[in-house]
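The following exercises ask the reader to work through a protein model one step at a time.

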Amino acid sequence: MTVVTSSASSTVPNFSEGIQYFGEALPDFEKYGVTPAIESGKSAIASPTDTNAVYQTLLAADALRYLTLQVTGSKASGHPGGFASQAEAYAALVMLGHKNIITEVGHHAPGFYSAMFLDRSLEDMGISTVQQLRDRFREKHGLLGHLSGYIPGILAPAGPLGQGQHFAMAAALLHRDKLFPFTVGDGGLGEPYIMSSMAHFNTSYPQVTNFLPVLVWNGYSQEHHSMVSLKTNDEMIAYWKGNGFAEVVLVNAKDFDDQNQPGDYVDSTAFSFQKRLEFTQAVLVGMDKAARSALGGTLTVFIIKQLKGAGVHALGAKSHNLYPKDTLDAPHIATALQKRALSAQAWQTVRTNAERAGGGPAAKTAVTEFELPLADIGELPLEEYAVGGEPKVSTTAMGRLVGIVGNKDKNFLVTNADGNEASGIANINQALKINHPTTDDLYNQAPGGQVYEPLSEDACAGLAAGLSLMGARTLWCSYESFAINGLPIWQTVTQAMAELRRKTPSTITLFTAGALEQGRNGWTHQRPEIEAYFASLMRTGNVFPLFPPDANSIQGCYDWALQTKNKGIVITASKSPLPIRTTLKQTEEGLEKGAILLHEIAGGKTVVFAVIGDMTLIPVFEAAAFLETEGIGVKIISIINPRRLYRPHDTAWDTCSEPDGGFLSDADFEQLFGGDALIGVTGGAAAMLEPIMLRSNSKRDSFAWKRGETTASAGELMAFNGLTAEALTKRAIELVH
């Protein structure tokens with residue numbers, strides 16, 4: 001191939017400024033490559049067997065490989081190999097008119113950016129040329145190393161493995177008429193969540209098959225062979241069929257190899273040009289079959305089997321990542337780019353097809369570029385219980401509202417792995433029904449229910465958070481002890497929401513059965529350390545842990561959460577009947593200011609108890625009663641919304657989309673928390689008390705969870721952790737004397 005530099009060519013299209021190498025036209029280009037296969041006014045090729053379409057799909061695959069390598073090489077950083085091994089599959093999807101493409105693999109990011117550049121989506125962020133694409137890669141306010149919610153045309157973030165299928169299933173559930181392919185690597189296929197979550201989803205929603213896993217079976221993971229690299233084709237097909245996939249479309253590059261490449265995984269770019277076209281046609285025809293199958297009601301997977309790194313600078317796991325030595329000037333990078341170099345006219349054909357596919361740039365057509373219309377749920381009928389009246393179960397009070405929301409909003413979904421009945425919210429199941437293939441009124445289950453109950457916190461959090469990211473209202477319910485298993489994807493979504501370019505309902509959780517209620521179950525059910533996770537996330541600026549002290553307060557908290565956008569709202573409450581201590585008006589104040597004054601008695605000196613939680617108020621009120629007999633003044637503050645108690649500069653609130661800059665002023669903080677001594681009290685992680693401890697100028701201390709133990713009662717468990725009236729009283733007296 002004769003290669004010329006971009007500066008030597010005077011006929012290059014403007015967008016290709018920054019392309020270092022242009023090649024001569026490929027064989028038969030004048031016959032098959034000049035006229036775009038996607039006609040003007042059309043959104044897809046006419047036929048997957050059309051020679052022009054096949055030829056131009058190959059051009060698109062090479063363009064994607066070229067850009068992926070040049071972009072990563074421009075920073076000697078990033079991941080070209082995985083995406084390169086499935087470039088024909090991605091190109092086929094686009095040529096067939098499918099733009100709502102998601103990935104399981106964050107390492108495919110530079111390939112996705114290349115695709116978004118080709119269809120002009122990145123012009124929305126000021127990237128119009130390849131040079132700008134190079135300049136903005138892995139730079140602040142640019143194209144970060146892994147996919148996020150910030151990039152035009154990108155449907156979902158991608159980083160940790162085991163997450164992408166949740167976004168595809170959520171989108172498929174909300175948009176039944178569109179295909180949502182997602183690439184998944186064979187290196188990540190070992191994550192247990194991927195297959196199990198799809199299997200449960202298919203059992204729950206057998207009619208929703210319009211998501212399409214695209215398995216990139218290239219034999220390698222990041223640094224070694226993949227764990228499925230020794231499977232035969234028949235074994236891989238059986239694996240997917242055994243997990244419920246009725247249609248498995250596998251295209252193996254090895255079947256077209258005319259270069260006698262060793263091993264089961266080969267590089268199609270090394271084939272003769274004719275064999276490259278045959279392989280590309282097989283991918284295009286296979287992808288068309290898979291897409292039609294998935295859209296037609298059959299659970300389908302498409303598998304492309306091709307060596308990792310096909311068409312870039314290295315093969316196998318060595319192609320996965322670039323290092324400082326892998327610059328654009330390095331001979332092995334330059335040689336690889338020259339091999340993939342297209343003619344200027346070929347670049348224009350690829351660009352035109354990419355623009356027309358799917359009806360326009362992904363940034364203008366992907367479902368996530370629009371706000372999903374929300375059902376009008378009106379004003380929630382909050383039920384206010386009398387302060388000091390009969391104890392009530394907070395979770396049950398919230399459950400009543402959840403049922404009302406679900407009945408008004410048919411897109412609304414509740415997820416729970418451990419069972420709603422165990423959390424005092426059986427009323428949710430009664431109102432909305434568990435989605436289950438077996439109808440049974442005793443267990444409130446029926447097909448089409450709005451309660452999703454896989455026995456996996458990852459699957460619960462994944463579908464709930466994924467639906468919220470896609471624009472729907474949801475609620476993820478969990479025992480506080482077990483929710484940690486679902487938090488990685490929930491955090492991924494909240495951080496994507498922080499940079500999202502559109503409004504979406506906040507992802508809301510209800511965590512019940514806190515450690516203090518789980519004495520007899522022992523330490524396996526006592527893991528409130530999760531609250532330290534949320535304490536850290538508060539500093540991101542869009543995560544709000546809420547701690548309602550009673551059944552009135554939890555209703556106000558949920559009502560507020562439903563009205564927020566682009567945030568992560570964590571509601572933690574007990575499932576035990578507890579005293580009613582607040583009015584709805586007080587919770588409104590607590591949500592705005594962060595905390596409310598529950599009790600105040602003047603004395604010689606004043607001890608302030610800053611309390612997080614509901615059950616923890618019990619020993620605090622006991623301690624207050626004793627201190628008051630000693631002539632010591634007491635203030636009991638219930639902390640409802642601790643994020644409000646940070647100082648503005650403590651969090652990144654102003655960097656978030658839909659920013660919330662509400663913080664308690666210094667003067668109001670002093671009025672509320674000022675005293676001669678301050679004691680922070682929580683039945684969870686002490687880290688949640690940080691905002692108060694940072695700002696208080698009083699002598700102070702904190703009482704918090706230490707570790708779990710088997711006990712007969714909550715009081716005994718609190719005693720094991722030093723959370724007793726006696727201990728609080730003793731420390732209060734020490735601090736004021």
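**Exercise 1. How many bridges join S6 to strand S7, and which residue stands opposite Val248?**

Solution. Step 1: Strand S7 covers residues 300-305, and six bridges join S6 to S7 in the parallel sense. Strands and helices here are DSSP runs (E, at least two residues, for strands; H or I, at least four residues, for helices), numbered from the N terminus. Two strands count as paired if DSSP finds at least two bridges between them. Step 2: The residue opposite Val248 is Val301 in S7. Step 3: The model is predicted, so local features need pLDDT of at least 70 and side-chain atom pairs pLDDT 80 or more, whereas totals for chains, interfaces and linings use all residues. Residues are numbered from 1 along each chain as its sequence is written, and side-chain values use heavy atoms, without hydrogens and water.

**Exercise 2. State the order of the open sheet of five strands with parallel pairing, and name its edge strands.**

Solution. Step 1: The order is S3-S4-S5-S7-S6. Step 2: Strand S3 (102-103) and strand S6 (247-252) are the edge strands, each pairing on one side only. Step 3: S3 pairs with S4 in the parallel sense over two bridges, and Thr103 has Thr183 in S4 as its bridge partner. Step 4: Six bridges hold the parallel pair S4 and S5, with Val184 partnered by Leu215 in S5. Between S4 and S5 the chain passes through helix H8 (residues 192-204), a right-handed β-α-β crossover. Right-handed means that, with the strands pointing away from the viewer, the path from the first strand over the helix to the second runs clockwise.

**Exercise 3. Is S4 largely enclosed or left open by the rest of the structure?**

Solution. Step 1: A residue is buried under 20% relative accessible area, exposed over 50%, and partly exposed in between (1.4 Å probe, protein chains only). Step 2: Phe180, Phe182 and Val184 point one way from S4, Pro181, Thr183 and Gly185 point the other way, and all are buried. Step 3: Six of the six residues of S4 are buried, so S4 is largely enclosed by the rest of the structure. Step 4: For contrast, consider Glu24, in the loop between strand S2 (21-23) and helix H1 (29-32). Glu24 has 46% relative accessibility and therefore counts as partly exposed.

**Exercise 4. Which residues touch the most other members of the largest nonpolar core?**

Solution. Step 1: A nonpolar core is a set of buried Ala, Val, Leu, Ile, Met, Phe, Trp, Tyr and Cys residues joined through side-chain atoms within 4.5 Å. Step 2: The largest core has 90 residues, and Phe302 and Trp347 touch the most other members. Helix H2 (residues 51-75) gives the largest share of this core, 13 residues. Step 3: A second, separate core holds 87 residues, including Leu215 and Leu500.
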